[in-house]
Amino acid sequence: MNITPASIAVCNQKGGVGKSTFTVLLASYLHYIVGHDVLVVDCDYPQWSIHAQRERELSLIEHDDYHKLLLIRQFKATGRKLWPLLKCMPLEAPEEVGRRLQSGYHPRIILYDLPGTVNAEGVIRLLASLDAVFVPLKADKVVMESALSFARSLTTNLARNPALTLQSVYLFWTMIDRRERTPLYDRYEAVIRKLGLSLMATHIPYRSKFNKELLPDNAGVGRSTLLAPERTFAREARIETLATEILTLLNIR
């Protein structure tokens, strides 16, 4: 019996907080390491950043024996093929995903990468159809104001509407600098509680590898659509912890 996939998105209305980066890292960790079939839907028009990254990596692999060998070893060890990627406009996403599911691929989790604005056609309808939305936070006044306004609007207008699919909106801290003072986060979290928003336990520290794609320098795997993040990086950057908490919230074992 096919299980209905959980549909989620990591999104924020403010750029620079890593929504596409986290989408890729979570997809690759869940698909290649945990073993859940994943489908990624790139609706981030006009950047199409995840689709563009996949194309760059496939081109690199053709001429890079080191990463080609890593890909072969990964497949032999796990039997996991590349997670499939759809590129489409938000308005077209439901139909495109439906076609992909009818083709015989049955993902456990579908991750959507959405545009940086809810004003794009079809975005609100797509958000309303998801099971959960995860909003990355950064301890920056402008980012916080934007993220809290976005999360509150989703929670009030969509998640609390019993006629819609969206059930939960979760905030999580990211890009944490060790030099930042704990009281700063305490004050922000007091505001989050006052607004009645849900904050995840996982805190993501800043790591340079978040922005490091595959390069022909054999410097290790950070963010990749083809390869799992290195275990040490996934552990130190709390990707492992984030993925585990998300699976728990989605009630996926």
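Modeller: A crossover is right-handed if, with the strands pointing away from the viewer, the path from the first strand over the helix to the second runs clockwise. Helices (H or I, at least four residues) and strands (E, at least two) are DSSP runs, numbered from the N terminus. This is a predicted model, in which local features need pLDDT of at least 70 and side-chain atom pairs count only at pLDDT 80 or more, while totals for chains, interfaces and linings use all residues. Residues are numbered from 1 along each chain as its sequence is written, and side-chain values use heavy atoms, with hydrogens and water left out.

Biologist: Which elements make a right-handed β-α-β unit here?

Modeller: The unit consists of strand 5, helix 6 (residues 141-159) and strand 6.

Biologist: Is strand 5 mostly covered or exposed?

Modeller: Buried means under 20% relative accessible area, exposed over 50%, and partly exposed in between (1.4 Å probe, protein chains only). In strand 5 (residues 132-137), six of six residues are buried. Ala-132, Phe-134 and Pro-136 point one way, whereas Val-133, Val-135 and Leu-137 point the other way.

Biologist: Why does Asn-251 count as exposed?

Modeller: Asn-251 counts as exposed because its relative accessibility is 64%. This residue lies in the segment after helix 9 (239-249).
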